[in-house]
Amino acid sequence: MSLPLPVRLTVFYALLLGVALFGFGSLVYHQAEQRAYSDLDKLLSNRAASVQLGKDLIFSTNASNPPPVRQLPGVNALGGEGVAIKVFDAKLTLLASTNTEAAPGLDTTVSGLNSNRLPWDEPAARKVLAEFQETGKAPDGIYNTILYDGQTVLVYTTINPDFNAGHIIQTAISEQSLQQSLANLRSMLLTGGGLVVLLALGGGLCLTWGTLAAVRRVTNTARTISASRDFRQRVRLKSTLGRDELTTLATTFNGMLANLENAYQQQKRFIADASHELRAPVTSISCNLDLLVRAPDLPCTEREATLLDARSEAERMGRLVNDLLTLARADEIAATREELRAASPQTRAATLPRVDLDSLVLGVFRQYRSTSEQHDEASMPRLVLQHITPAQVYGDADQLKQALVALLDNALKYTPAAGSVTLSLSIAGQEATLTVSDTGIGIDPEDLSHIFERFYRADRARSREQSGSGLGLAIVQSIVQEHRGRIDVESILGKGSAFSIRLPIIESTF
């Protein structure tokens, strides 16, 4: 059983925080401990040095009896802050010590610390004495921790070389207060760190749970859409702190849903229109064949008319199927088209050949001129060739010719015989503009935004011509987009239309 993502994130970051706090707390505690013991060492050494500077520790070491233990002036004061002091001669006989009944504020904190005449750390005392007698120089002081009356006591042992035999000085202080302070610091660090980690767990859980709630809403919306196929739904997400990454995610997701809804609706409409367009020729062919089967004695003229009608419908259906296949291939290479559109000129040059756009336009113009000469010119609009500027583009010459022919066919189809259709090619900036304009019936403004949709026909076009499949302009737009271009249209109802194909030219053309 896996934990929810908010819990896992919270635990992970809480563990990171705990490790960081533990490392920081350990460093602080270690530094505090070292500083405290260092200060304690300095305190004991300073007290010993103060005794060494005293002028009254002068005893007759030749006396037959050991000298009495003296409470010398200043020694008690030197034993402040809980420091006890003892001074011994070379025979480890106690010469002086701090008062065992110290005044308030001068307590050694260890009961009976001065209650005996023996050194606290006899091995250290003998060691410094032996080194002094061997070298004649005062050795370095010795720090040792001993157990005294159930407490740990830090003892510092040194020697005063001002006397021939040397005086041994020991200063001692209980570590109880220091250990208690360190224990308090350790407890405070552990308690504080634990509280911080608990607060981080609670706050992190609230934060991650609330943040990922937006992701859950996106997920639920996607799951609902997947189950119901209702692309009208949207993710409602507003950030109280302004636009953030999650708001951007929701906006992007909603944009994707809008595109999917549009594509889904277009697909449904495309399937319905394709079915409708294919049903008509299939029905006509079926009826004609039924007629031939049921009436075998039809006159030859009627039989031929029936066969011609069936053949015409079959050709119409073939054209429609070819147009559908063309659009299907265009959809399949959409990803490749996007890569090609974003490619560098060098990549496009290696992928697509150069096309002389002016030569292509002139070739199409001559083809249509020869066709119009074979027919009665009075029954067709006049085809005019305006200024042609040489231009080269990367692309497929056959596809570009197909797009131009489709525009010319539409212009000639919807332009009266007394009108004219004009071809022109110009360059503006880094684009070549191929324009097909006519003086035909024009397009209603309400239809302009739909004319490139598949199977769409404006009502005026329907009233004049029903033989088209409604896929011509969609194919033209697909070809133009495949060549990194765009197609624009301007039209005035009753006065004519102008379709402009804009393609990026090859920069080295001129």
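How many nonpolar, polar and charged residues does the lining of the largest cavity have, by class? Point 2 takes this up.

1. **Ground rules.** This is a predicted model: local features need pLDDT of at least 70, side-chain atom pairs count only at pLDDT 80 or more, and totals for chains, interfaces and linings use all residues. Residues are numbered from 1 along each chain as its sequence is written, and side-chain values use heavy atoms, with hydrogens and water left out.

2. The whole structure holds three cavities of 30 Å³ or more. A cavity is a set of points, on a 1 Å grid over the protein atoms alone, where a 1.4 Å probe fits but cannot get out. Volume is the space filled by probe spheres set on the points, which are joined across faces, edges and corners. The largest cavity has about 60 Å³ of space. Its lining (residues with an atom within 4 Å of a point) has nine nonpolar, no polar and no charged residues. Here Ala, Val, Leu, Ile, Met, Phe, Trp, Tyr, Cys and Pro count as nonpolar, Asp, Glu, Lys and Arg as charged, and the others, Gly among them, as polar.

3. **Who lines it.** The lining is Leu357, Leu360, Leu400, Ala403, Leu404, Leu434, Val480, Ile501 and Leu503. Two or more residues each come from α9 (357-374), α10 (397-413) and β12 (496-504). Helices (H or I, at least four residues) and strands (E, at least two) are DSSP runs, numbered from the N terminus. The largest share, three residues, belongs to α10.

4. **Helix α10.** Its buried residues (under 20% relative accessible area, 1.4 Å probe, protein chains only) are Leu400, Ala403, Leu404, Leu407, Leu408, Ala411 and Leu412. They sit on the same side of α10, because they cover an arc of only 165 degrees around the axis. The arc is that of the directions from the helix axis to the C-beta atoms. An α-helix has 3.6 residues a turn, so residues three or four places apart point the same way.

5. **Histidine 483.** This residue is in the loop between α13 (472-482) and β11 (486-492). Histidine 483 counts as buried because its relative accessibility is 7%. Not counting residues up to four places away in sequence, histidine 483 touches Tyr394, Gly395, Asp396, Gln399, Leu400, Leu503 and Pro504. Contact means heavy atoms within 4.5 Å.

6. **Leucine 21.** Look in helix α1 (residues 5-52) for leucine 21. Leucine 21 has 27% relative accessibility, so it counts as partly exposed, a class between buried and exposed (over 50%). Its C-alpha atom is 9.2 Å from that of leucine 190, 169 residues apart along the chain.

Key
On a 1 Å grid over the protein atoms alone, a cavity is a set of points where a 1.4 Å probe fits but cannot get out, and a pocket is an open set with protein on both sides within 12 Å along at least five of seven lines; lining residues have an atom within 4 Å of a point.
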